[in-house]
Amino acid sequence: MEINDKDLLLDRCRRILESEAAAIKSIPLTDGYAKAVELIVEKVNRKGGKLVTSGMGKAGQIAMNIATTFCSTGTPAVFLHPSEAQHGDLGILQRNDVLLLLSNSGKTREILELIDLTKALYPEIPFIVITGGHESPLAAAADISLFTGSAPEVCPLGMTPTTSTTMMTVMGDLLVVATMEAIGFTVEDYARRHHGGYLGHKSKIASRKQN
């Protein structure tokens, strides 16, 4: 495809959008979401633990985003890099924490090693996983498995994480929003966590209007 052929480029972009939209719609909705939210609320919001997300590469970047979004919406969360966990960062874990692990293949070595390390430190910590591998080692080790549906990547090589990371992002949003609703998170709560920027200004105005 020639870059200067605008019609072909726009047609390709349109087909990519359609493919990713179809992939999102195909995400399996199971009772695992309700179980995951219940677990997060119980361990983190009620018992004072935190949600610890982890992933390698592109999945790790999505895991980091999920953690920051949970933090801003009333559920303490932190990203733990699986490699750094092997060099002391595992010490961030506490007994009432919950791990949310992302791996499209479900075979990522560093994530599987993180499970073993965590179990050796705190065997009671539960694992929620987001993966495309139904029969993967990660799914087998999880307390709760949430599956992406394994739609093909829109990358022309079929290699670069594109569709899979889009799906992981959306699945993270499902957990965040459902948890917000479960804990009754309000715009006043939001404003107390956002003191700067446009969202901080907007949330403070909304909070004043409600009061």
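This is a predicted model: local features need pLDDT of at least 70, side-chain atom pairs count only at pLDDT 80 or more; totals for chains, interfaces and linings use all residues.

**Helix packing and an aromatic pair**

A: The structure holds one aromatic pair; rings of Phe, Tyr and Trp (its six-membered ring) pair if their centres lie within 6.5 Å, with planes under 30 degrees apart counted as stacked, over 60 as edge-to-face and the rest as tilted. The ring centres of Phe185 and Tyr190 are 6.5 Å apart and the planes stand at 75°, so this pair is edge-to-face.

Residues are numbered from 1 along each chain as its sequence is written, and side-chain values use heavy atoms, with hydrogens and water left out.

Next, the helices. Helices (H or I, at least four residues) and strands (E, at least two) are DSSP runs, numbered from the N terminus. Axes are lines fitted to C-alpha atoms, for helices over the stretch in contact, and angles run from 0 to 180 degrees between N-to-C directions.

The axes of α2 and α7 lie 10 Å apart, at an angle of about 55°. That makes α2 oblique to α7, since angles under 35 degrees count as roughly parallel, over 145 as roughly antiparallel, 65 to 115 as roughly perpendicular and the rest as oblique. The crossing of α2 with α7 is right-handed, that is, the near helix is turned clockwise from the far one by less than a right angle, anticlockwise being left-handed. On the α2 side the contact (heavy atoms within 4.5 Å) is made by Tyr33, Ala36, Val37, Ile40, Val41 and Asn45, and the α7 residues include Leu175 and Thr179. By class, this contact of α2 with α7 has 11 nonpolar, two polar and no charged residues; Ala, Val, Leu, Ile, Met, Phe, Trp, Tyr, Cys and Pro count as nonpolar, Asp, Glu, Lys and Arg as charged, and the others, Gly among them, as polar.

Helix α3 (residues 57-72) also meets α7 (residues 163-183): their axes come within 10 Å and cross at roughly 20°. That makes α3 roughly parallel to α7. The crossing of α3 and α7 is right-handed. Among the contact residues are Lys58, Ile62 and Phe70 of α3, and Met168, Gly172, Leu175 and Thr179 of α7. The contact of α3 with α7 divides into seven nonpolar, five polar and one charged residue.
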